[in-house]
Number of protein chains: 2
Amino acid sequence: MKNRAPLLTVLLGSIILLNAALTTDAQSKDKAEIRQWLDQWAKAFRAHDLDAIMSMYVPDVVAYDIVPPLQYVGKEAYRKDYAQFLAQYDGPIEVEFRDVKIFVGHDVAFVYCLERLNGRLKSGQKSDVWLRDTSGFQKISGKWLNIHDHVSVPADFDSGKALLDLKP
Amino acid sequence: MKNRAPLLTVLLGSIILLNAALTTDAQSKDKAEIRQWLDQWAKAFRAHDLDAIMSMYVPDVVAYDIVPPLQYVGKEAYRKDYAQFLAQYDGPIEVEFRDVKIFVGHDVAFVYCLERLNGRLKSGQKSDVWLRDTSGFQKISGKWLNIHDHVSVPADFDSGKALLDLKP
């Protein structure tokens, strides 16, 4: 058995190094895929493409949206929320992301960023609002899907107002 | 070499099985640690213990808080925000978490839940509010630290009001 010890050491060493290299590589790839998720979402949202938007979420998504109630539980509830929100706008809604940070673990990731929505409401009025967005993801069958959204603006406790006109 | 092949197969198989077992075990442990983070935070928050609260965050935390501005960048800014918020209350602030969901990847985790803050303001008025909370964590030197908070209530776009009186 004595000539096997060096072989095992080399083998285990190689596995550890290979593992580290694969992890770094996989992380970069995963971060790029999450960034693609955001861009794909923005494209679908701009175009009011509800089916394309909802294909990016898991069935049991839980969302804390900018509008009430406190939470939307499940894809059907969240889809109705999206439909109502999009119906307020006439034509494309431009999306801008700023200060995007992406954190990836094994099959779990989350992102936070500031998000500007800019478009024309059906009333004719322009709407240009900066939101805060935090989203969580899980990699399912090799594909990153959104499992949680949290979108909001801060509140002014003295006036009771939602601060919809803040700029970063 | 011919008698080494079965040894290598068994060795690699064992590594794969061991890895899977360790991953499941580690995930349960990590989830329990994130839950402990929440409970430890609630204890420190209840007691207005600013140092204990801030020891649970990384230096470059970015927070989207219930109050403006859009974001607090870095621990010092967030500490001032905490200090101002706590200063509004007289005595303990009770914290209740509901519908807590924890997702753990390798060294990255996030949690979302509804969060009730209940206490007496210095004006003498009672304050009892349900918030939505999403938080992101990184495991650094074996310890889970908060790298991102997002706390909010929904907004009513018609009235411009922050909805501080919603119940789950």
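Two strands are said to pair if DSSP finds at least two bridges between them. In chain A, 13 bridges join β4 to strand β5 (residues 126-140), and these two strands run antiparallel. The model is a predicted one.

**Strand pairing in chain A**

- Strand β3 (residues 89-104) of chain A pairs with strand β4 (residues 108-121) of chain A through 11 bridges, in the antiparallel sense.
- Within this pairing, A:Tyr89 stands opposite A:Leu121 in β4(A).
- The hairpin formed by β3(A) and β4(A) has 3 residues between the strands, and A:Asp107 in its turn has a positive phi of about 65°.

**A residue in β5 of chain A**

- A:Ser127 is found in strand β5 of chain A.
- Is A:Ser127 buried or exposed, or partly exposed? A:Ser127 is partly exposed, because 15 other C-beta atoms lie within 10 Å.
- Leaving aside neighbours within four places in sequence, A:Ser127 is in contact with A:Gly119 and A:Leu121.
- A:Ser127 and A:Lys139 are 12 residues apart in sequence, and their C-alpha atoms are 34 Å apart in space.

**The sheet of chain B**

- In what order do the 6 strands of the open sheet of chain B stand? The order is β2-β1-β6-β5-β4-β3, and the pairing is mixed.
- β2 (72-73) and β3 (89-104) of chain B stand at the edges with a single partner strand each, so one side of each has no neighbour in the sheet.
- Helix α3 (residues 75-87) of chain B packs on this sheet and touches β1 (57-64), β2 and β3 of chain B. The direction of helix α3 makes about 60° with that of β1(B).
- β3(B) and β4(B) pair in the antiparallel sense over 11 bridges, and B:Arg98 has B:Leu114 as its bridge partner in β4(B).
- These two strands form a hairpin with 3 residues between them; B:Asp107 in the turn has a positive phi of about 70°.
- Strand β4 (residues 108-121) of chain B is joined to strand β5 (residues 126-140) of chain B by 13 bridges, and the two run antiparallel. In β5(B), B:Asp128 is the bridge partner of B:Asn118.

**The two chains together**

- Chain A is superposed on chain B by a rotation of 180° with 0.0 Å of shift along its axis, and the RMSD is 0.1 Å. The two copies are therefore related as by a two-fold rotation axis.
- The same surface serves both copies, since 100% of the contact residues of chain A recur in chain B.
- The contact takes 40 residues from chain A and 40 residues from chain B.
- Among the elements that each supply at least two residues to the side of chain A that touches chain B are β1 (57-64), β6 (143-152) and β8 (161-162) of chain A.
- That side of chain A has 24 nonpolar, 10 polar and 6 charged residues.

**Nonpolar cores**

- In soluble globular proteins, nonpolar side chains tend to be buried together.
- The largest nonpolar core has 47 residues, of which A:Ile34, A:Ala109, A:Val111, B:Ile34, B:Ala109 and B:Val111 touch the most other members.
- Another core, of 16 residues, lies apart from it, and includes A:Ile66, A:Leu117, A:Leu163 and B:Leu163.

**Backbone features**

- Most residues other than glycine have a negative phi, and most peptide bonds are trans.
- A cis peptide bond joins A:Pro68 and A:Pro69, with omega about 5°; A:Pro69 is found in the loop between β1 and β2 of chain A.
- The peptide bond from B:Pro68 to B:Pro69 is also cis, with omega near 5°.
- A:His48 is not a glycine, yet has a positive phi of about 55°. A:His48 is found in the loop between α1 (4-46) and α2 (50-54) of chain A.
- B:Asp99, found in strand β3 of chain B, has a positive phi of about 55° although it is not a glycine.

Definitions and conventions. Residues numbered from 1 in each chain as written. Chains lettered and ligands numbered in written order. Predicted model: local features only at pLDDT ≥ 70, side-chain atom pairs only at ≥ 80, totals over all residues. Helix = DSSP H or I, 4+ residues; strand = E, 2+ residues; numbered from the N terminus. Contact = placed C-beta atoms within 7 Å. Axes fitted to C-alpha atoms, helices over the stretch in contact; angles between N-to-C directions. Least-squares fit on C-alpha atoms with pLDDT ≥ 70 in both. Buried ≥ 20, exposed ≤ 12 C-beta atoms within 10 Å, placed from the backbone. Nonpolar A, V, L, I, M, F, W, Y, C, P; charged D, E, K, R; others polar. Core = buried A, V, L, I, M, F, W, Y, C linked by C-beta atoms within 7 Å.
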